Amino acid sequence: MTAHHAIEITLTRPATDCELHRARRVVALAGNSDGTRLLTLQRARTPGRALRTLRRRLGGALPIDVLTTHYPDRQGCVLLNFALSHTARAIIRQAAEACGQRPRDFLGQAVIDAVAQHKEERVRRMMTRFEGLLDQHTPEELLVCAASTLLRHDNRLPSSTLS
């Protein structure tokens, strides 16, 4: 069965009216306010095929940086599709061979590792700042301040920042 897959298009810069007009002749697009992210539906059997088909269909119509499946798959992962230079592909292929992996698996693990490292760095920076505040304030003062600040905000943190 062929399904429709929601795909987010991240642009390297805001699209011009002419570029958007040309792209909308090919696919229906919804955009954000600053014109750097678009959303569309692509019909395909698999999410990966939907990404490849959309990249081929849009061709040079838009300054595409990354195509991403909008919803996670059954394993909880979103798929990324980005164009790499021949040099970057060769470097990735060599590094993957050295590790005994396929290039896509090697790159996927590199992205997972980079995201985990980024999260760790954010937590480390926050802890450093917090420890600096503990030098000047009591734990009770910080707790009251944090609670009142959180209660004043209507919006909740995205779940990805909590894990």
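α5 spans residues 139-152 and reaches 20 Å from its first C-alpha to its last, close to the 20 Å expected at 1.5 Å a residue; the expected span is 1.5 Å times one less than the number of residues. Helices (H or I, at least four residues) and strands (E, at least two) are DSSP runs, numbered from the N terminus.

This is a predicted model, in which local features need pLDDT of at least 70 and side-chain atom pairs count only at pLDDT 80 or more, while totals for chains, interfaces and linings use all residues. Residues are numbered from 1 along each chain as its sequence is written, and side-chain values use heavy atoms, with hydrogens and water left out.

Five strands form an open sheet in the order β2-β3-β1-β4-β5, with antiparallel pairing; two strands pair if DSSP finds at least two bridges between them. At the edges, pairing on one side only, are β2 (30-31) and β5 (80-82). β5 runs antiparallel to β4 (residues 64-69), and three bridges join the two. Thr 68 has Leu 80 of β5 as its bridge partner. Helix α2 (residues 47-58) packs on this sheet and touches β1 (3-11), β3 (37-44), β4 and β5, where contact means heavy atoms within 4.5 Å. The direction of α2 makes about 150° with that of β4; axes are lines fitted to C-alpha atoms, for helices over the stretch in contact, and angles run from 0 to 180 degrees between N-to-C directions.

The whole structure contains zero disulfides, a disulfide being a pair of cysteine sulfur atoms within 2.5 Å. For Cys 77, the nearest cysteine sulfur is that of Cys 99, 20 Å away. Cys 77 is partly exposed at 37% relative accessible area, between the 20% and 50% limits.

Definitions and conventions: Buried means under 20% relative accessible area, exposed over 50%, partly exposed in between (1.4 Å probe, protein chains only).
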